[in-house]
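Please keep the structure open beside the text as you read.

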Amino acid sequence: RMFEGLSEKLSGIFDALTRRGSLSEEDVNVALREVRRALLEADVALDVVRSFVDKVRSRAVGANVIKSVTPGQMVVKIVNDVLIETLGAEAEPINLDAAPPVAIMVIGLQGAGKTTTTAKIAKRLSERMKRKVLMASLDVKRPAAQEQLAVLGRQIGVETLPVIAGQTPVQIAVRAEQAARLQGFDVVLLDTAGRTHIDEALMQEMAEIKAASKPHEILLVADSLTGQDAVNLAKSFDGRVGITGIVLTRVDGDGRGGAALSMRAVTGKPIKLLGAGEKMDALEDFHPSRIANRILGMGDIVSLVEKAAESIDAEKAQRIADRMRKGKFDLEDLSEQLAQVEKIGGLGGIMGMLPGMAKIKDQLAAANLDDRIIKRQRAIISSMTRQERRNPDILKASRKKRIASGSGVKVEDVNKLLKQHRQMADMMKSLGGAKRGGGALGKMASMFGM
Ligand code: GDP
């Protein structure tokens with residue numbers, strides 16, 4: 001199983017850590033040294049290991065302590081986040097966003113799994129995504145190669161370009177494109193020839209095919225078992241031909257996973273798919289967060305910390321609510337409140353749910369408090385000094401001018417914001433003063449999650 005070794009080691013390190021009530025800096029350092037060793041043993045590139053450990057360390061030092069989780073659980077969450085970032089943050093599926101026929105070129109060394117992967121992708125695109133797919137083998141070196149693709153094509157019910165003996169790879173590519181266009185195919189997959197190692201002739205051939213077929217995707221197929229060689233290979237191919245993504249094959253046999261972990265950070269190119277077996281269905285999407293969960297195996301702790309972090313926002317909100325009640329509602333409070341509002345998807349929905357809030361809602365509508373404006377207002381506030389935010393009364397003409405140009409708005413907009421803040425502060429104060437926690441403000445506060 002992929003990442004088996006790494007996963008076992010990391011869970012060993014963190015199981016112990018999460019149970020401790022407190023952590024010293026030394027505890028964290030010891031754990032990070034073990035993490036470092038585990039990553040190196042998994043054949044992760046040295047630079048990637050270094051930056052990984054540095055990131056975790058600096059975030060662990062700067063992290064807000066959240067009540068209700070242990071420091072070790074915090075560290076697990078941080079490691080999880082850094083893992084996801086290292087893997088590329090978001091999943092990047094095959095991109096078909098172009099006028100059909102969309103050409104996808106599949107390249108790589110001999111035996112990496114190009115032909116198998118081409119057929120797997122064809123099957124997925126035709127079955128799951130209902131695309132009309134044509135496959136073409138551009139491998140004229142190995143006589144059996146074109147037949148191999150044709151056999152797979154019949155097996156999965158995907159058409160292959162008829163073979164014409166004596167054609168060059170570029171000629172086949174051009175013919176494939178024409179056939180696809182004339183016969184209304186959505187996607188044409190070009191399976192290219194490989195070599196046992198990278199050489200100039202191979203690179204030259206790939207560049208020529210690329211020039212002739214203008215592929216929308218150029219996928220490098222690389223063998224996960226070759227570890228850092230796969231990463232270096234991707235770098236070379238990308239430098240010479242330019243690739244749009246990587247398919248790592250044989251992850252079913254890779255207990256280490258170093259190539260998967262280093263690929264994105266070293267090459268800057270996303271892993272799009274994983275080949276996990278010889279069967280035509282053994283193709284997986286590459287989801288950084290799911291892979292991180294597979295590696296760390298601590299999904300429960302991660303979601304626990306996420307929930308706890310949400311309630312930190314609630315604590316912050318409570319603090320604002322308290323300040324509002326006391327009639328202290330400065331621009332810092334407003335900014336934080338706007339941030340919260342933004343996060344829960346704008347004011348309209350929440351305010352609409354409160355019958356007693358109709359009047360305030362109108363007032364806010366009059367003040368034009370929509371999401372775009374919330375963004376602009378936050379920009380204005382962030383262009384102020386801390387002193388100005390705490391004490392808006394000092395904002396005279398020259399300061400306003402500076403703030404306006406700092407946030408790219410007109411002085412008029414700054415004035416509007418200040419006026420609105422004034423109104424809100426007054427409104428909060430009167431509501432709060434009258435009903436002390438209960439009533440309208442209390443209701444509103446609780447709707448804000450305060
Ligand atoms: P090509 O020379 O790059 O086209 O490689 P092939 O597609 O012919 O694959 C070479 C061998 O690797 C074949 O026996 C495939 O069945 C096998 N293979 C390809 N992908 C995978 C994979 O993800 N896992 C495993 N276990 N075997 C694979």
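What follows is a short tour of the sheet, one of its strands and the ligand shell.

Please bear in mind that this is a predicted model.

**The sheet**

Eight strands make up an open sheet, and their order is β3-β2-β4-β1-β5-β6-β7-β8. The pairing in this sheet is mixed. At its edges stand β3 (159-160) and β8 (283-285), each with a single partner strand, so one side of each has no neighbour in the sheet.

Several of the pairings can be set side by side:

| Strand pair | Sense | Bridges |
|---|---|---|
| β1 (residues 102-107) and β5 | parallel | four bridges |
| β5 (residues 217-223) and β6 | parallel | five bridges |
| β6 and β7 (residues 271-275) | parallel | three bridges |

Leu-220 is a handy landmark for finding your way across these strands. Ile-107 stands opposite Leu-220 in β5, and in β6 the bridge partner of Leu-220 is Ile-246.

**A closer look at β6**

Is strand β6 (residues 245-249) buried or exposed? Five of its five residues are buried, so β6 is largely enclosed by the rest of the structure. In a regular strand, side chains alternate between the two faces of the sheet. In β6, Gly-245, Val-247 and Thr-249 point one way, while Ile-246 and Leu-248 point the other way. Residues pointing in either direction are buried.

**The ligand shell**

How many residues surround the ligand? There are 18, and the closest are Gly-113, Lys-114, Thr-115, Thr-116 and Gly-275. Helix α5 (residues 114-127) supplies the largest share of this shell, three residues. Sorted by class, the shell holds eleven polar, four charged and three nonpolar residues.

**An annotated stretch**

According to an unreviewed UniProt entry, residues 270-283 carry the annotation "domain: SRP54-type proteins GTP-binding". In the model, this span is 43% strand and 0% helix. Strand β7 covers residues 271-275, and Gly-275 is listed among the residues closest to the ligand.

Terms used. Residues are numbered from 1 along each chain as its sequence is written. This is a predicted model: local features need pLDDT of at least 70, side-chain atom pairs count only at pLDDT 80 or more; totals for chains, interfaces and linings use all residues. A residue is near a molecule or strand if its C-beta atom, placed from the backbone, lies within 6 Å of it. Helices (H or I, at least four residues) and strands (E, at least two) are DSSP runs, numbered from the N terminus. Ala, Val, Leu, Ile, Met, Phe, Trp, Tyr, Cys and Pro count as nonpolar, Asp, Glu, Lys and Arg as charged, and the others, Gly among them, as polar. UniProt positions are given in the numbering used here, feature names are shortened, and annotations may be inferred rather than shown by experiment. A residue is buried if 20 or more other C-beta atoms lie within 10 Å of its own, exposed if 12 or fewer, and partly exposed in between; C-beta atoms are placed from the backbone. Two strands pair if DSSP finds at least two bridges between them.
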